[in-house]
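Here is a short report on selected helices and residues. Please look at the structure first.

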Amino acid sequence: MNFKQLEAFQAIMLSGSTTGAAERMGLSQPAISRLLAQLEEDLALRLFVREKGRLSPTAEAHALLHDAQVLMDSAQCFRRHAEQLRLGGFKRRLLKVAVPSTLATTLMPVLAKRFMQAHPDVVLEVLSGSYNDTERALLSRDADIGLVRLPTEMQGLSTRASLDSEAVCIMPRGHALEGLAEVSPTDLIDVSLILLGRQRQIRHDIDMAFRQRRVQPRVALEVHSISEACAHVAQGLGVSIVNALLAQHCPYEAITSRPFRPRIAYQLGIATVNNAPASPLHDTFTRLLVEAMEAPSPAVA
């Protein structure tokens with residue numbers, strides 16, 4: 001029995017499938033199945049049965065889940081202790097924060113400066129990627145705090161604070177749409193669009209809004225982050241529809257925004273893993289992140 005087997009076992013229990021566990025752990029589905037088979041063989045126990053194409057945990061699996069979690073938490077504590085020693089010894093603490101790529105190079109440097117001035121004994125590690133990347137990082141204990149989209153895709157996370165937002169249409173300054181108070185799909189007929197990839201929830205909502213108005217969107221570019229969308233809009237390549245809360249932190253004076261209608265609402269959350277121990281450090285960083293996220297930015301107005 002090894003740590004990877006326990007990690008696969010817990011991931012299957014949380015996600016309900018080997019496919020979901022593979023996504024969490026960044027492994028292939030066959031690799032997860034092999035780890036599970038090895039664990040069952042090592043324990044001489046049947047942990048899952050397949051019912052109608054789905055894995056169902058046995059009573060033995062439920063009985064062992066808590067013990068597996070205790071062992072994994074101990075291993076994570078060991079790794080964290082080793083990281084602290086590597087980074088400066090017992091007197092320094094490590095805080096790992098995961099945020100969307102858009103914020104990693106814009107909001108986070110300013111926020112990190114404020115935080116580290118108040119906590120010079122803390123080493124701050126910033127991870128960036130998609131919301132799914134953040135959820136996986138939290139569940140694997142690679143991050144302590146993360147900014148996620150609500151509701152989360154994966155189970156096992158707790159929300160410490162939430163932020164409400166909506167979609168806006170961003171455009172180059174001087175664009176014809178700048179004269180409108182708000183932008184709808186009918187205003188975007190034959191307008192070049194720069195949209196987030198089709199696998200994202202915001203893209204699904206945008207496509208639905210266009211279908212409801214019976215407008216065929218003219219997609220010129222597909223990108224995979226709001227910062228990319230802002231950068232392409234700033235070059236005059238089209239307009240985009242993005243989350244206002246993140247767009248306001250794009251550092252481009254060459255773009256402006258207008259509310260998009262019909263309204264598409266979004267909610268972001270600052271999350272930790274379930275049952276994470278209370279931490280004044282986490283509370284402080286959460287408060288600073290909420291304040292920074294809600295503060296208006298002059299870049300997109």
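## Basis

This is a predicted model: local features need pLDDT of at least 70, side-chain atom pairs count only at pLDDT 80 or more, and totals for chains, interfaces and linings use all residues. Residues are numbered from 1 along each chain as its sequence is written, and side-chain values use heavy atoms, with hydrogens and water left out.

Helices (H or I, at least four residues) and strands (E, at least two) are DSSP runs, numbered from the N terminus.

## Helix H6

H6 holds 12 residues, 107–118. At 1.5 Å a residue it should span 16 Å, and its end C-alpha atoms are 17 Å apart, which agrees. The expected span is 1.5 Å times one less than the number of residues.

Leu107, Met108, Leu111, Ala112 and Phe115 are the buried residues of H6. They cover an arc of only 110° around the axis, which puts them on the same side of H6. The arc is that of the directions from the helix axis to the C-beta atoms. An α-helix has 3.6 residues a turn, so residues three or four places apart point the same way. Val110, Lys113 and Gln117 are exposed on the other side of H6. Buried means under 20% relative accessible area, exposed over 50%, and partly exposed in between (1.4 Å probe, protein chains only).

The cover over the buried residues of H6 includes strands S3 (93–100) and S4 (122–129) and helices H5 (101–104) and H11 (280–294). Contact means heavy atoms within 4.5 Å.

## Helices H2 and H3

H2 (residues 18–25) packs against H3 (residues 29–43) at an angle of about 105°, with the axes 8 Å apart. The two helices are therefore roughly perpendicular to each other (65 to 115 degrees; under 35 is roughly parallel, over 145 roughly antiparallel, the rest oblique). Axes are lines fitted to C-alpha atoms, for helices over the stretch in contact, and angles run from 0 to 180 degrees between N-to-C directions.

H2 contributes Thr18, Thr19, Ala21, Ala22 and Met25 to the contact; H3 contributes Gln29, Ile32 and Ser33. These residues divide into four nonpolar, four polar and no charged. Ala, Val, Leu, Ile, Met, Phe, Trp, Tyr, Cys and Pro count as nonpolar, Asp, Glu, Lys and Arg as charged, and the others, Gly among them, as polar.

Serine 56 sits in strand S2 (residues 54–57). Serine 56 is buried, at 19% relative accessible area. Not counting residues up to four places away in sequence, serine 56 touches Leu47, Phe48, Val49 and Glu51.

Valine 273 belongs to strand S11 (residues 265–273). Valine 273 counts as buried at 13% relative accessibility.
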